[in-house]
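Keep the viewer open while you read.

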Amino acid sequence: MLPYFPFGQQFNDKMGTFPLLESDRLVEVDEHYPAVIALKRKLLTALPTYYYQAQSGYETAQWEVVKLIVENLVQFYPTSFSLRQEGNRWYWLNLRLNEETTFTFGDKQTLPYDPLDWLGRQVQEDLVLLAGDDARLVAGQLCFGNDWSLDEKIGLPFWQIHAPIVSIVEPMMRAAQQLMTRLPVGRPVWRLNWSVKVSDQLDMTSRHKPSLDQLLREKLPYLTSETIGEQLYLRIERQTLTRLPLSGAVLFSIRTYQSLLAHEASDPERASRMASVFSTTPPAMIAYKSMTDFLPALLAYLGKTCRK
Ligand code: HEM
């Protein structure tokens with residue numbers, strides 16, 4: 001079952017952010033860790049500049065992210081990761097992968113990749129940096145983007161990253177814009193996002209859009225209220241936002257979880273909550289999430305499942 005389930009009584013048009021407490025993990029490690037890290041590294045080797053991009057001038061922010069996340073990993077997963085520091089010399093031990101990295105904190109020549117690019121290869125999350133008054137996307141390692149890629153968004157301010165904005169969520173996006181510019185240091189937040197997909201491939205960056213659209217077209221005639229549960233996947237993003245104290249940049253982390261629809265719907269409570277949210281989501285948002293064509297079958301399926 002998904003560890004997070006962002007479905008309540010109806011479609012939520014609010015930002016849905018919660019404080020990320022000191023007792024909350026910033027990044028999460030689960031049983032898929034080795035496979036996901038291997039996949040990320042494969043993608044980054046094949047298309048390095050598609051999955052990692054950075055503007056110059058944000059090196060301090062990149063190192064701040066390294067410090068924040070490796071310390072968080074050691075705090076929450078002490079049997080999997082360890083860090084020894086001798087002055088600026090850092091000895092990083094990743095016991096999950098049996099790898100050791102020694103580097104000089106603050107000197108990127110001592111790492112095999114840019115600090116953010118190196119760190120992204122240690123965690124299951126995608127990592128994005130935003131900076132400046134208008135929260136521009138200045139760097140990121142994005143392997144599992146849901147229908148977007150760094151090529152399309154690098155350098156863009158928060159508002160344009162989201163353009164065109166579905167009008168129903170415009171007030172929410174104004175609040176989010178304010179949050180991005182005013183988020184205080186030491187007060188990180190998290191939120192969840194959801195979508196329903198025809199595939200459970202993690203990498204849904206824009207380059208896969210044609211093949212995923214094609215897959216949906218092929219599957220569509222077979223998506224009936226009888227079959228749809230075994231054909232679709234729920235895709236949940238756990239997103240965090242953290243203001244970095246020295247650079248003032250914001251770290252945006254995205255962790256993607258997915259699960260077969262039938263698996264989640266086997267819990268009648270979950271089936272009923274999904275039905276409530278999908279049936280109250282405005283049509284423009286359903287269209288934005290590419291759910292229009294299968295929504296009737298989906299609702300019929302969930303209706304039957306909750307009555308069982
Ligand atoms: C509190 C903060 C945020 C809120 C409330 C928010 C909200 C949303 C909403 C409502 C959507 C529409 C799709 C959906 O719901 O599935 C969306 C899409 C998206 N968001 Fe955010 N978001 C936030 C932060 C960010 C940040 C920091 C980034 C930085 C890269 C970002 C990047 C995107 C992208 C790339 C999309 C897809 C846009 C497209 O279709 O091209 N979001 N976001």
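Helices (H or I, at least four residues) and strands (E, at least two) are DSSP runs, numbered from the N terminus. This is a predicted model, where local features need pLDDT of at least 70, side-chain atom pairs count only at pLDDT 80 or more, and totals for chains, interfaces and linings use all residues. Residues are numbered from 1 along each chain as its sequence is written, and side-chain values use heavy atoms, with hydrogens and water left out.

The ligand's iron atom has a single donor from the protein: NE2 of H162, 2.0 Å away. Donors here are N, O and S atoms within 2.8 Å of the metal (3.2 Å for Na, K and Ca); water is not among the atoms, so sites may look incomplete. H162 sits in the loop between α6 (158-161) and α7 (170-182).

Zooming out, the protein chain has twelve helices and ten strands. The C-alpha atoms fill a box of roughly 60 × 40 × 35 Å along the principal axes.

How much of the chain is buried? Buried residues make up 51% of the 308, where buried means under 20% relative accessible area, exposed over 50%, and partly exposed in between (1.4 Å probe, protein chains only).

| Residue | Relative accessible area | Class |
|---|---|---|
| A135 | 3% | buried |
| T242 | 8% | buried |
| S290 | 34% | partly exposed |
| A284 | 45% | partly exposed |

T242 lies in strand β9 (residues 233-243). Skipping residues up to four places away in sequence, T242 touches L26, L68, L183, P188, A249, V250 and L251, with contact meaning heavy atoms within 4.5 Å.

A284 belongs to helix α11 (residues 283-288). From A284 to P245 is 39 residues in sequence and 38 Å in space, C-alpha to C-alpha.

Now for some backbone angles. A135, in the loop between β6 (126-131) and β7 (136-141), has a positive phi near 50° despite not being glycine. S290, in the loop between α11 and α12 (295-307), also has a positive phi, near 55°.
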